[in-house]
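Q: Please take a close look at one part of this model. Where do the residues of interest sit, and what surrounds them?

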Amino acid sequence: LLLAVVRGPRPRRRDFGLLALTSAGVVLGFPLFTSLALERVDASHAAVVVGLLPVATAACAVWLGRERPSAGFWVFAVLASATVVAYALLRGSGGVQIGDLLLLAAVAAAAVGYAAGAQLAAGLGAWRTICWALVIAMPISVPAMFIAFPRELGDVGPRSWVGFAYVILVSQFLGFFAWYRGLARGGVARVAQIQNLQMFMTMFAGALLLGEPVDAGTAGFAIGATVLVALSRRSAVRSPLLAGAAQARTPGG
């Protein structure tokens, strides 16, 4: 509906490969794998495992966006990831749970979707990128909606409807307006590291909305990973997207 009302440039033929990756990653893969994982682990546990997403997104930025992070960036980013993996192993009684594997699949899907979407946002625009990604996913998402539709709507409580509405309007739509614009302007690898704040936000939301306790160990691992990622963000990253944004802001750009 938004694309129909606010007319503008449409994706070029060469854009549809990146659009397919974006859609598969952030419209289909990440929400599906995360939802399946959250049936098996609590939100605080998931928040720390998803802490792998910044370094995974940086790796995809190298692959898709030809970004070149410095050695210092990778050292701190990998240490942060190792901290997250250690947490998952300790909380899983020394082994990886099915929920952890689903979360890793979600991380991989989102990383590809973020990096691909950022490439599109630089030319197509941030809000049009997520809108088109949602549109091309409709041949899959619409039939899936009817298959998974609740048999009795009365069985779905008000809290579930509120959460559902938030996922639709913010997580899957409006949030990407700012996110893809930020990735396109600041460089995927560097801006993606900000996602580590998501750990604290998810833990706080889980405690506030779901009554999930946040123990000292979980908080400690989250703080450690975030400090390491903060150090990685201070390291140099060469980014074609960042160079293009800087050129666009100059008088002749």
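A: A polar atom of the Q195 side chain lies 2.8 Å from the backbone oxygen of A192. This is a polar contact (a pair of N or O atoms within 3.5 Å, one able to donate a hydrogen and the other to accept it; residues adjacent in sequence count only if both atoms are side-chain atoms). The model is predicted, so local features need pLDDT of at least 70 and side-chain atom pairs count only at 80 or more, while totals for chains, interfaces and linings use all residues. Residues are numbered from 1 along each chain, and side-chain values use heavy atoms, with hydrogens and water left out.

Q195 is found in the loop between α10 (188–192) and α11; helices here are DSSP runs of H or I with at least four residues, numbered from the N terminus. Q195 counts as buried because its relative accessibility is 9%, buried being under 20% relative accessible area with a 1.4 Å probe, protein chains only. Beyond its neighbours within four places in sequence, Q195 is in contact with L53, P54, T57, Y114 and W179, where contact means heavy atoms within 4.5 Å.

Helix α11 covers residues 197–210, and the loop between α11 and α12 (216–233) holds E212. E212 has a relative accessible area of 16%, so E212 is buried. Residues up to four places away in sequence aside, E212 touches D42, A43 and S44, as well as G206 and A207.

To recap, Q195 lies in the loop between α10 and α11, and E212 lies in the loop between α11 and α12.

Technical notes: Helices (H or I, at least four residues) and strands (E, at least two) are DSSP runs, numbered from the N terminus. Buried means under 20% relative accessible area, exposed over 50%, partly exposed in between (1.4 Å probe, protein chains only).
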